Amino acid sequence: MLRVDALAFAHPGQAVPYNFSFDAAPGEITAISGASGSGKSTLLDLLAGFLHPIAGRIDLDDADLRPLLPEERPVSLLLQSESLFEHLRTDKNVRLGLPASTTRADADKRVAQALDEVGLEGFEKQIASTLSGGQKQRVALARTLLRDRPVLLLDEPFSALDDDTRVTIRDLVRTLTLRHRWHTVLVSHHADDVEALASRRYQLIDGRLQPG
């Protein structure tokens, strides 16, 4: 279980700190919604380690994540922008999810398996800039698979996609979350994304998370 307990943070000049508390279970998608500027991205930055809280805890299976640097945390982050290197082939982008010490034979095998799992078998040699928006998000998900981290943070990951592609990628995220028992935290202001995916729901109101 991912547990966030009384996690407090204030940006410079912010009079009343944010205070976040919620649970996210393995194999479930926890959705957090709220108005623009309500603190959704701040919460994800705290979970990822890009910001440091002034109080509170972040525990994964009773292990405190706060002392860990961003690169040490068991967390992957998927953004609205896919963060691909447009000039590289699909397989090269996916391979970035593997440790540098991985042998070439092992990397080739694992990359192929990940691409197959997200429905991109046969796309290994295609340059990223030639892929559609949905295909790019699949590549980003394949890279996430290879990172093999139990917490997946989604920051408006479907916003740039057309309606049909959004449904497809949402279904893929749900399937992968269940299959790999990720603790997936979705931040979105799109009610249909929340309705389609959420096992648990929270709303950010006045700097606090409210269930529902």
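## Burial of Y202

A residue counts as buried when its relative accessible area is under 20%. The model described here is predicted. In it, Y202 has a relative accessibility of 12%, so this residue counts as buried.

Y202 belongs to strand β9, which covers residues 200-205. Setting aside neighbours within four places in sequence, the residues in contact with Y202 are S21, F22, D23, T30, A31, I32, S33, L209, Q210, P211 and G212. One of these contacts, I32, lies 170 residues from Y202 in sequence, yet the C-alpha atoms of Y202 and I32 are 4.9 Å apart in space.

## The chain as a whole

Six helices and ten strands make up the secondary structure elements of the protein chain. Its radius of gyration is 17 Å, close to the 17 Å that the globule rule gives for 212 residues, so the chain is as compact as a globular protein of that length. The C-alpha trace spans about 50 × 40 × 30 Å along its principal axes.

## Surface and charge

Of the 212 residues in the protein chain, 46% count as buried. The accessible surface comes to about 10,100 Å², and carbon and sulfur atoms account for 50% of that area.

The chain carries 25 positive and 30 negative charges. The mean position of the positive charges and that of the negative charges are 3 Å apart.

## Aromatic pairs

A pair of aromatic rings is described by the distance of the centres and the angle of the planes. The count for this structure is two aromatic pairs. In the pair formed by Y18 and F20, the ring centres are 5.5 Å apart and the planes stand at 20 degrees, so the pair is stacked. Planes under 30 degrees apart count as stacked.

Both partners are covered: Y18 is buried with a relative accessible area of 11%, and F20 is buried with a relative accessible area of 0%.

## Helix α1

Helix α1 runs over residues 40-48 and is mostly covered, with seven of its nine residues buried. The buried residues of α1 are K40, T42, L43, L44, L46, L47 and A48. Just after the helix, G49 takes a positive phi of about 95 degrees.

Definitions and conventions. Residues are numbered from 1 along each chain as its sequence is written. This is a predicted model: local features need pLDDT of at least 70, side-chain atom pairs count only at pLDDT 80 or more; totals for chains, interfaces and linings use all residues. Side-chain values use heavy atoms; hydrogens and water are left out. Helices (H or I, at least four residues) and strands (E, at least two) are DSSP runs, numbered from the N terminus. The radius of gyration is taken over C-alpha atoms; the globule rule is 2.2 Å times the number of residues to the power 0.38. Buried means under 20% relative accessible area, exposed over 50%, partly exposed in between (1.4 Å probe, protein chains only). Accessible areas come from the Shrake-Rupley method with a 1.4 Å probe; for residues, only the protein chains shown count as cover. Lys and Arg count as positive and Asp and Glu as negative; His and the chain ends are not counted. The place of a charge is taken as NZ of Lys, CZ of Arg, CG of Asp or CD of Glu. Rings of Phe, Tyr and Trp (its six-membered ring) pair if their centres lie within 6.5 Å; planes under 30 degrees apart count as stacked, over 60 as edge-to-face and the rest as tilted. Contact means heavy atoms within 4.5 Å.
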